[in-house]
2 protein chains.
Amino acid sequence: MIADKMKGFVNNNSAIRAMFEEGNRLAGIYGRENVFDFSLGNPNVPAPASVTEAIREIVDEEKSTFLHGYMSNAGYEDVRECMAKSLNKRFGTHFNSNNIIMTVGAAGGLNVTLKTLINPGDEVITFAPYFLEYRAYVGNYDGVLVEVSPDTDSFQPKLDEFEMKITPKTKAVIVNNPNNPTGVVYTEETIIRMAEILNKKQIEFGTEIYLIADEPYRELAYDGVDVPFLTKYYANTIVGYSFSKSLSLPGERIGYLVIPSELPDYTNVFTAASIANRILGFVNAPSLMQRVVAKVVDEKTDIDYYDRNRKTLYEGLTDLGFECIRPQGAFYLFMKTPMANEKEFCDMAVKYNILVVPGSSFACPGYVRIAYCVSYETIVNSLTAFKKLADEINK
Amino acid sequence: MIADKMKGFVNNNSAIRAMFEEGNRLAGIYGRENVFDFSLGNPNVPAPASVTEAIREIVDEEKSTFLHGYMSNAGYEDVRECMAKSLNKRFGTHFNSNNIIMTVGAAGGLNVTLKTLINPGDEVITFAPYFLEYRAYVGNYDGVLVEVSPDTDSFQPKLDEFEMKITPKTKAVIVNNPNNPTGVVYTEETIIRMAEILNKKQIEFGTEIYLIADEPYRELAYDGVDVPFLTKYYANTIVGYSFSKSLSLPGERIGYLVIPSELPDYTNVFTAASIANRILGFVNAPSLMQRVVAKVVDEKTDIDYYDRNRKTLYEGLTDLGFECIRPQGAFYLFMKTPMANEKEFCDMAVKYNILVVPGSSFACPGYVRIAYCVSYETIVNSLTAFKKLADEINK
């Protein structure tokens, strides 16, 4: 008796559940430390000590009815001002509190944005491989997700195909940079060209096309690589940010949206997004955590930990002959499977207690995603298991 | 360029905004303490000291990656078990963790429930007066909200009209008990009769009709009145709970859904609701607050504070000749306005620095809602202002 839209999700859920149970089964037999579970993007680096400090200080100092009470649906004014100032300092932007809406993580922010913008049948473009939840989010508002196929050389967006797929019905484009699942960082050149295309198409069709920058991995960039801040390149940009990875707080559901005043329809978009935050049932981002992130906004997670994992895993796997996309951001490594059917590879890997996610879960078959937000020991020990797996394949 | 569905909300928003700004304008002129702002349901009683204690203990004792990390979308297993046990102890029910989904407040829980159940065009019945957000929530999933008109004698649901309005398209009924905005508690007799009607109609139409109990005010009941726990009366009941009022944590967005195993389609409903929690962008209820409410699940807010407000306000207003519904729950008093057009009354009240919400905002014109979750001093001082208002009206 559930809604028709939910039936597919429920049927599909059994596969995810099966993988989860397989992990538990293996852990039961071999011990959790001997299972190489690379399936989840759940940070293993603890939140900075300053987060715990901030929580203690805030509950000691702030009045309960203020700290745990309702505030404006967009969030505490001072917290929003703090986010704006931090961005301005880092990116030379000119935001203030009226450009910020605190959200229940980036997933909440994306849903708020899509609720704000999408009419049924509107098209939202994204670039494969991509986080498959985008399809569900767009579907929540009866939008149509349009995929641009992957460029399996560079894993930068295929801009020619992108341009062809923009239609008068295109309402938004979702860009995830650094990228889940590839770990690739879209370059400034890519972004400039993308903005040119969008501007041209807006004029050609007389429409507004919103560029939605989904940025939970913004702070996780390695090798000194630059992650372009998209509002500087294209006026109709909305940024969705999360502290899930930057401060290892994924369970707390805290993030924000940036809605720049440069949006031609800024006032309506900002007002509608604040209302969408309310009527979708978020109401506001969790209040204590709003105040916490304001106190530690410029703190960073221990990115060196992930970087060591990244290098060790990348070098280890390429030494074993696996073809990997060299990741420069996030905590994912995207690896080409020796056989075309990557699900077959996943099944083989399980025999060596290795759990990875098939690329078809990101609209990119023939690859697997390895989430290296695990202990360094897991990385090191897993390489022995990957060696055995490689040996079986090369046999 | 915003979505069509959002345009009405944005236009309507200016009225709410105007009221908010009027409150600030008055506070600027007369001082905040001389403005009698009864417009918001934001608890003025602080959270129990045990909440702050629990936060301190938890951040001291629990591992960061566990405390702030992802867990199952339904919430921590032990937290859900704790909620189930607390309910079982209080209501003699037989729930376990598989009947509980932790949610982003009751608003999040309602949206998860409606996403789980509603196909476009499905009808959801509720009883006027009601919290107007229900209309937005049902609209999020293209459902149709069907109102049963108010019984202005008792403010119990009009069950004859209810029975007539159930059709083969009726998928759910939302009941808010204790009620916002009336403060009335629906009696056991009402609930038994409602369950009989629903069972009869399920058989007549061969459908499942879900009774959704929205219970953010469950713990706020006065005069020793009993608030029936609906799963005991009707098998297809889903309960949405929130700690917003019971622990004065509205900003933290923490609550839960109860999905009893007695639902004929229990497995699909529970699975779909867990997935809906994820794909709507909530992902999971805030993690630290999940662990906090588990520690203090049987704590209560200082209900005596609200009770004193309730009695003083009710007696004061009736002494002045105003006709009030005697509230036995929540922290709202619903008052009949001396003139039929209650908006005229609201405008007059503003002249005496009194801010109340017109009943038409709850589909019940001719009344106003007075939220008495304010300081006792505000209640006492406001009665002088109400006296002047009464004098002007009777002049």
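**Close-up views of a predicted two-chain model**

**View 1. Helix 5 of chain A meets helix 9 of chain A.** Val112(A), Thr113(A), Lys115(A) and Thr116(A) of helix 5 touch Val269(A), Ala272(A), Ala273(A), Ala276(A) and Asn277(A) of helix 9. Contact means C-beta atoms, placed from the backbone, within 7 Å. By class, this contact has five nonpolar, three polar and one charged residues. Nonpolar covers Ala, Val, Leu, Ile, Met, Phe, Trp, Tyr, Cys and Pro; charged covers Asp, Glu, Lys and Arg; the others, Gly among them, are polar. This is a predicted model: local features need pLDDT of at least 70, side-chain atom pairs pLDDT 80 or more, while totals for chains, interfaces and linings use all residues. Residues are numbered from 1 along each chain as its sequence is written, and chains are lettered from A in the order in which they are written.

**View 2. The packing angle of helix 5 and helix 9 of chain A.** Helix 5 (residues 105-117) and helix 9 (residues 266-279) pack at about 120°, with axes 9 Å apart. Axes are lines fitted to C-alpha atoms over the stretch in contact, and angles run from 0 to 180 degrees between N-to-C directions. Helices are DSSP runs (H or I, at least four residues), numbered from the N terminus.

**View 3. The axis relating chain A and chain B.** Copies are superposed by least squares on C-alpha atoms of residues with pLDDT of at least 70 in both. Arg56(A) comes closest of the residues of chain A to the rotation axis, at 3.2 Å (C-alpha).

**View 4. Chain A against chain B.** Here 62 residues of chain A are in contact with 62 residues of chain B. Helix 5 of chain A gives the largest share of the chain A side, eight residues.

Conventions
Helix = DSSP H or I, 4+ residues; strand = E, 2+ residues; numbered from the N terminus. Contact = placed C-beta atoms within 7 Å.
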